[in-house]
Amino acid sequence: MKKLLTCLLVLVLAFSLFASGAEEKSNDGPIKIGSIMDLTGGASNMGRPHSWGVEYAIKKVNEAGGINGRQIELYTQDCKNDITEGLNAYHKLVDEIGVCAIIGPALSNPASAWVDLSAEDKIPIVGHFMDEVCTTNPDTGAVYPYMFLAEPSCSVQSYDMAAYALAELGLKKYAVLYNPSNAFAKAHAEPFIAYVKENGGEVTAVETMGWADRDYSAQAIKITNSGAEAVFLCDYLAQNLISYDALRDAGFKGAILGANTLAPPLADQVKNDVYDVYFLQNYDMLNPNVGIINELVFSEMAATGTESPQCNVGFAWDAVQVLVEAMKKAKDPTDGEEVAKLLEQTTGVLLSSGDTISIDPATHRPNNMGMYIATYDENHNMVICGREDIY
Amino acid sequence: MFLQLLFNGISLGAVYALIAVGFAIVFSVLKFSNFAHGGMISICAYIGFFFQKTVKPTPPIWVTILFTSLCGIVMSLFLDRIVYASIRRNKSPKNYYFLSSLTISIIITAILNVFFSKNPLAYPMLFSSTTFNVGNIRISRMDTMILIVSVVLLVLLIFLIDKTKVGLAMRAVSIDPETSKLMGINSNFIILMTFSLAGILAGVSGVLLGCKYGVFPDLGQSMMIKGFIASVIGGLGSLGGAIAAAFLLGIIEMFWTYVMGSLSTPVMTFVVMLLFLFIRPQGISGRFAKEKV
């Protein structure tokens, strides 16, 4: 009797394993894709529009027939801009839900923890984690096989900003104020400093702050006294607001340069007058005549009540297009290994900006994307004032 | 330069003093470190922000401070009723107070995170020009306002505690609540009074910190650490000591950050606190509190 029961149990287990395997390898069922975004953490002002953009882009893909006739099922997790939460979100999507690919956030801190996991599980992750350590090993330069960036990296963006300031604004003396514990900020600040030094500029002060600091007036006074003509800010909105006001309160009259986190709503939230602010932008998003970015950001604002246009909606759209194009070319779009190989060959995929993206197989980062430089007019509207095309 | 940093340090000290006193006043009577005060500051910052945003025409800042102070009293008394009162009734160990206050603080921050996320919100601009000059020193109007409000409030508080009957009763309860009761002091009323004062301080701090740094869920909690350090250096439970230590901490921090950079500043502040605990555990005030952390 015991033997019979054991045999039956083995048969049931074998059948269930076969059945579940058959379901995963099914060629006509929906394709499960994950999305990990910061929905409630320190960068949720960007994460929420980003998440909306992923849902919107997937909806459009499904309306257009999905991936070779197969619909996409989207599963979203909140990483709260935290490494541990990011790992939990990854395991939930991959181990419990069984997604075959992930759209990642515009955050390098959580994404950097997935580089080995994604290789073990063969899960392609396409995202906007701009720190280069998320796509290539900083020690060896070797590419992480399943991590793909769909916008210029922090280094490239910082080079673009520095190049614009040196050539177009004619500024020579720079200071940097940033939080070295913030991967996003660090990945911007160091390349900016290096580029300025290598191209005839002078760095007069490099000042730092910590996550818990709320008063930057000592740093601002030091920067002001250093004779800097411009200060580069590259943290998140909360830190940028305090930095901007501290610098202006300290009497700094020069230009404030920065990452795309100086974009709206910064101008409406600082307490000092807004002038000579130049920051990076991926899109000319207020221009309705280029791509579909303008339509995307205003759709998101209308749908969610967001008060200022957020470029992350475009990031989401672009990442989905890159992933979907690779999946469409794959014999089995749920085969992570095959999709990753195809992602390496990405070329000419149309983005929300109206431009196309090509991914360098040696870095898994774009090799044909430049950046816009934006500023604020007297009414605090964002205005594109230049473009740099350093790849 | 020296005077500029000194003024900025004093301004920063005023911020710390407001927080430290809200912390110290509860410790002085109930002998526990009320970490929930940080959460209360954050809630008050949000209340003030929405009060300013929704009431039309936009009320003056002093009306907002008054309103949030009233809200602070109500919330503080509510907190006492639902959390601390039962601990008192059951004569539970002091650790229960500490753990409860820490838990409440975490819960408040988490709830604010859920509803508002960590995105900063900005109070409407209070001044058309943010700074003015006195000689070569640039003085922030916001800092000046915080300094003036803090000093006035702290002077009133010290007057209340040192020169009035209620203050005398508070001091008596802080020394021995049971004996105070035998001498006719309504110690429950005094405890409610203490929480009300802490609520007022949370209301004022919330609005002022919100105006200065923006409003976000861990606004109060992040500043609370500095308030706690000032409170320890000053001598836990001593209002005068906490105020003196807060200003000292603000000034030292400003000069240290300028000379050594900000990354070592937290190390320096904690080392100073530890040194005080080792060398002079009674703090600046010289009043010894056995229940030091």
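1. Helix axes here are lines fitted to C-alpha atoms, over the stretch in contact, and angles run from 0 to 180 degrees between N-to-C directions. Helices (H or I, at least four residues) and strands (E, at least two) are DSSP runs, numbered from the N terminus. This is a predicted model, in which local features need pLDDT of at least 70 and side-chain atom pairs count only at pLDDT 80 or more, while totals for chains, interfaces and linings use all residues. Residues are numbered from 1 along each chain as its sequence is written, and chains are lettered from A in the order in which they are written.

2. In chain B, the axes of helix α1 (residues 2-30) and helix α9 (residues 219-234) come within 8 Å and cross at roughly 65°. Residues on the α1(B) side include B:V15, B:Y16 and B:F27, and those they meet in α9(B) include B:M223, B:K226 and B:G234, where contact requires C-beta atoms, placed from the backbone, within 7 Å.

3. Chain A has 13 helices and 16 strands. The radius of gyration of chain A, taken over C-alpha atoms, is 23 Å, close to the 21 Å that the globule rule (2.2 Å times the number of residues to the power 0.38) gives for 391 residues, so chain A is as compact as a globular protein of that length. Its C-alpha trace spans about 90 × 45 × 40 Å along the principal axes.

4. An automatic or database assignment divides chain A into domain 1 (31-152 + 290-360) and domain 2 (155-281 + 372-388). Their C-alpha centres lie 28 Å apart, and 14 residues of domain 1 are in contact with 14 residues of domain 2.

Terms used
Contact = placed C-beta atoms within 7 Å.
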